[in-house]
Amino acid sequence: MNSIKSVPARVLSRRPGHSLEAEREQFDKTQAISISKAINTQEAPVKEKHARRIILGTHHEKGAFTFWSYAIGLPLPSSSILSWKFCHVLHKVLRDGHPNVLHDCQRHRSNIREIGDLWGHLHDRYGQLVNVYTKLLLTKISFHLKHPQFPAGLEVTDEVLEKTAGTDVNNIFQLTVEMFDYMDCELRLSESVFRQLNTAIAVSQMSSGQCRLAPLIQVIQDCSHLYHYTVKLMFKLHACLPADTLQGHRDRFHEQFHSLRNFFRRASDMLYFKRLIQIPRLPEGPPNFLRASALAEHIKPVVVIPEEAPEDEEPENLIEISTGPPAGEPAVVADLFEQTFGPPNGSLKDDRDVQIETLKREVETLRAELEKIRLEAQRYVSQLKGQVNALEAELEEQRKQKQKALVDNEQLRHELTQLRAAQREGERNQGLREEAEKRASATEARYQKLKEKHSELISTHAELLRKNADTAKQLTVTQQSQEEVARVKEQLAFQMEQERRESELKLEEQTDLLEKLKRELEAKAGELVRTREALSRTEQSGSELSSRLDALSAEKAELSSAVQRQEADLLAAQGLVREKEAALSQEQQRGSRETAELQRQLADKESQEQELRRRLVDEQFAVLRATATEAQRILRDAVAKLDDPLHLRCTSSPDYLVSRAQAALDAVSALEKGHAQYLLSGSDASVLVAALTHFSHVAADTIVNGGATSHLAPTDPADRLIDTCRECGARALELVGRLQQQQTLQQAQPGLVRTPLRGILQLGQELKPKSLDVRREELGAVVDKEMAATSAAIEDAVRRIEPADLCHRL
């Protein structure tokens with residue numbers, strides 16, 4: 001009797017367990033090949049057949065485990081093109097794969113985020129696209145996990161949308177905001193792709209352009225559904241809330257509408273998309289949400305993907321449909337069994353058994369053909385459904401167009417007039433733009449000239465300061481020499497005065513002596529006369545008188561010689577006095593000439609110093625005027641952003657606006673101090689220049705953030721905030737304009753800017769959300785840190801300016 005133990009190994013290898021393992025190996029091999037062919041470094045779009053095999057594989061294993069097991073091993077950080085194609089394949093798998101793919105991708109969020117962050121920090125063209133694409137994929141995964149009613153393909157009926165939104169206005173509001181964020185990510189990716197394409201050539205026919213454009217097919221499919229859902233939700237919100245409350249929603253929808261319409265229009269004009277997808281056309285203008293009846297005019301945009309036969313591939317069934325063994329396998333197994341053990345019971349099959357086996361094989365063959373027919377019918381049905389949807393949409397659109405035909409005929413003339421006016425306005429704006437560009441180039445040239453002049457003045461200033469220092473040294477030496485001359489002059493004058501006094505004393509003594517001798521001589525002469533008279537009377541005493549006369553004559557001769565000697569001495573003293581007076585007069589003349597020369601040099605030095613001071617004052621004012629001109633440009637740019645339509649997307653928080661307004665008020669105080677100090681001493685404008693620079697930046701920051709804060713504020717506070725920001729800009733520009741002129745410099749009043757700044761501060765405090773009061777201390781700490789950082793930056797700038805100024809002065 002035969003036993004199962006004697007079954008050869010070649011028969012056991014045909015058992016079902018081994019067949020499942022082989023099938024699994026074949027499946028893994030097929031998936032690996034498809035993933036490697038779909039995600040590679042070639043700059044070409046992903047082929048649909050490879051992506052389709054990967055998607056069918058997710059349905060086969062009811063998840064994306066195999067896909068991620070191979071995707072994790074890809075060298076994504078080494079190639080930006082490889083990362084870009086990985087994101088594209090992942091997007092297709094999310095949209096068309098098995099529903100469990102979403103949860104498998106959620107487990108790998110960190111991998112997706114790391115790839116985006118890695119390429120976001122690198123300056124690579126594909127890398128920047130990968131960064132934007134990963135943010136879109138993460139947003140998509142989060143949205144669909146939070147709202148499981150929406151499949152990853154985003155195709156649901158209006159009834160499901162109504163059920164998901166519910167009746168709670170808060171839920172509707174939140175769902176609308178999330179769809180806006182979803183749409184922003186989609187549009188940001190399309191804008192990034194178009195920004196890198198050269199529209200001057202047919203980039204859609206080049207492999208590099210098609211590699212970038214291929215993921216936009218999924219973006220178009222997502223955006224068409226998101227646009228329809230946001231329109232529905234916006235009408236529901238306007239039915240529940242006042243129109244003023246939803247102004248921000250309307251502005252955001254209008255911006256997205258124009259971006260989406262421009263995206264669809266540009267994509268429709270490209271040949272690459274025309275053979276792959278039928279892109280719907282959006283209406284000329286956004287829906288009017290203030291009119292409830294406008295919902296009936298809304299047409300759901302329908303995207304149609306034409307069904308094409310797979311290129312150069314064999315049709316295969318990766319999804320196992322029947323649970324029975326494949327056709328033909330039982331006969332092979334039976335033949336092998338009979339060859340090994342012989343026919344059962346030792347008898348041959350009769351005709352009935354043969355017919356049964358034949359019928360079974362025919363049934364299996366017919367079942368396989370039926371399954372193929374059923375799959376083909378399903379494909380035809382889906383294709384027909386798409387065509388029916390397209391025809392229904394086209395029919396609905398034609399019906400609407402028929403209803404609007406009469407109205408459009410009347411509006412066409414008005415629109416034509418508006419278009420002509422707009423064309424004239426565009427031509428005028430073009431001229432103004434060209435003129436503005438010319439002015440900007442001229443202003444840039446003037447700024448460069450002023451910058452060069454400023455550098456030249458700084459170098460001249462430094463040279464003059466060095467010359468001033470040399471002049472000061474020479475002046476000091478000259479003053480010392482003048483003081484030495486004055487001391488010598490005083491000493492000579494003192495000596496001359498002493499000599500004069502001594503000469504006068506000697507002269508007085510000689511004069512007294514001469515007078516005394518004259519008196520003695522007169523007395524002797526009188527005595528001689530009396531003696532002669534006595535001699536004539538007394539002749540008898542002649543001999544005595546003669547001797548006495550001789551003695552008197554001798555004495556008279558002695559006295560005459562003494563008088564002559566005294567007169568000679570007096571004449572010598574007078575000559576010495578005259579020589580001293582001549583030498584003194586010469587010394588006085590030489591001292592006067594030297595004094596005059598020194599006074600002339602001192603006057604020249606003083607005039608040079610005054611000229612240097614005047615030039616220093618002019619240079620300081622030139623620096624101040626250049627700084628005021630730059631501050632005026634900064635403030636004008638900030639005021640212009642209040643009316644810039646591109647600035648409408650910018651938003652800011654009231655807390656940050658309050659911190660900026662407070663910083664601007666502090667800068668006004670510093671500006672007042674610097675202005676007062678500059679008026680006292682016009683030769684040092686460093687404090688005023690630093691304060692004016694800081695004030696212009698923080699005031700411009702306050703005005704810009706005030707406009708950004710008003711975009712999210714209610715209508716009345718937003719209008720008041722915009723008006724206050726305009727007033728602040730006007731007063732700041734008036735102040736900066738006064739600082740540019742010498743005549744109006746003293747009339748500048750920095751304190752006038754405080755009033756609008758305080759108004760901005762008060763409005764910012766009023767706009768603060770009440771629920772954030774509990775975190776006021778934390779916000780205060782953040783503001784203090786920011787103020788400390790700003791103060792540190794200003795002090796660092798002042799420290800850098802002071803050495804530079806000191807170097808200029810030296």
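**Notebook: contacts, helices and a cavity in a predicted model**

**Entry 1. Ile305.** I began with Ile305, which touches Ile217, Gln221, Leu276 and Ile277 when residues up to four places away in sequence are not counted; contact here means heavy atoms within 4.5 Å. I noted that this is a predicted model, in which local features need pLDDT of at least 70 and side-chain atom pairs count only at pLDDT 80 or more, while totals for chains, interfaces and linings use all residues. Residues are numbered from 1 along each chain as its sequence is written, and side-chain values use heavy atoms, with hydrogens and water left out.

I located Ile305 in the loop between α14 (271-274) and α15 (329-341). The helices are DSSP runs of H or I with at least four residues, strands are runs of E with at least two, and both are numbered from the N terminus. I then looked up the distance from Ile305 to Gln278: the two are 27 residues apart in sequence and 6.4 Å apart in space, C-alpha to C-alpha. Ile305 is partly exposed, with a relative accessible area of 36%. For this term I used the following cut-offs: buried is under 20% relative accessible area, exposed is over 50%, and partly exposed lies in between, with a 1.4 Å probe and protein chains only.

**Entry 2. The chain as a whole.** I counted the secondary structure as 22 helices and zero strands. The chain has 810 residues, of which 33% are buried. Among contacts with a separation of 6 or more, 80% are between residues 24 or more positions apart.

I also checked the confidence. pLDDT is the predictor's confidence in each residue, from 0 to 100; its average over the chain is 78, and 81% of the residues score at least 70. Residues 1-17 stay under 50, and the model gives them twelve contacts beyond four places in sequence. Residues 309-349 are also below 50 in pLDDT, and this stretch has 38 contacts beyond near neighbours in sequence.

**Entry 3. Two residues with positive phi.** Which loop holds Lys62? I found Lys62 between α3 (48-61) and α4 (65-71). Its phi is positive, about 55 degrees, although Lys62 is not a glycine. Lys62 is exposed, with a relative accessible area of 54%.

I recorded Leu154 next, in the loop between α8 (125-146) and α9 (158-165). Leu154 is not a glycine, yet it has a positive phi of about 65 degrees. Is Leu154 buried or exposed? I read a relative accessible area of 0%, so Leu154 counts as buried.

**Entry 4. Arg212.** I placed Arg212 in helix α11 (residues 207-213). Its relative accessible area is 9%, so Arg212 is buried. Apart from neighbours within four places in sequence, Arg212 is in contact with Glu43, Trp84, Arg125, Tyr126, Leu129, Val193, Gln196 and Leu197.

**Entry 5. Ile634.** I found Ile634 in helix α17 (residues 542-641). At 17% relative accessibility, Ile634 counts as buried. Which residues does Ile634 contact, leaving aside its neighbours within four places in sequence? I listed Ser696, His697 and Ala700. I also looked up Thr693, which is 59 residues from Ile634 along the chain, with the C-alpha atoms separated by 9.8 Å.

**Entry 6. Helix α21.** Helix α21 (residues 754-766) has 13 residues. From first C-alpha to last, α21 reaches 18 Å, close to the 18 Å expected at 1.5 Å a residue; the expected span is 1.5 Å times one less than the number of residues. I listed the buried residues of α21 as Arg754, Pro756, Leu757, Ile760, Leu761, Leu763 and Gly764. An α-helix has 3.6 residues a turn, so residues three or four places apart point the same way. What do the buried residues of α21 pack against? I found α18 (654-680), α19 (686-710) and α20 (715-738).

Entry 7. I counted two cavities of 30 Å³ or more. A cavity is a set of points, on a 1 Å grid over the protein atoms alone, where a 1.4 Å probe fits but cannot get out; lining residues have an atom within 4 Å of a point. Grid points are joined across faces, edges and corners, and a volume is the space filled by probe spheres set on the points.

The second largest cavity holds about 40 Å³ of space. I listed its lining as Met183, Tyr227, Thr230, Phe253, Gln256, Phe257 and Leu260. Both α12 (216-240) and α13 (247-268) supply at least two residues of this lining, and the largest share, four residues, comes from α13. I sorted the lining residues into five nonpolar, two polar and no charged. In this sorting, Ala, Val, Leu, Ile, Met, Phe, Trp, Tyr, Cys and Pro count as nonpolar, Asp, Glu, Lys and Arg as charged, and the others, Gly among them, as polar.

Key: On a 1 Å grid over the protein atoms alone, a cavity is a set of points where a 1.4 Å probe fits but cannot get out, and a pocket is an open set with protein on both sides within 12 Å along at least five of seven lines; lining residues have an atom within 4 Å of a point.
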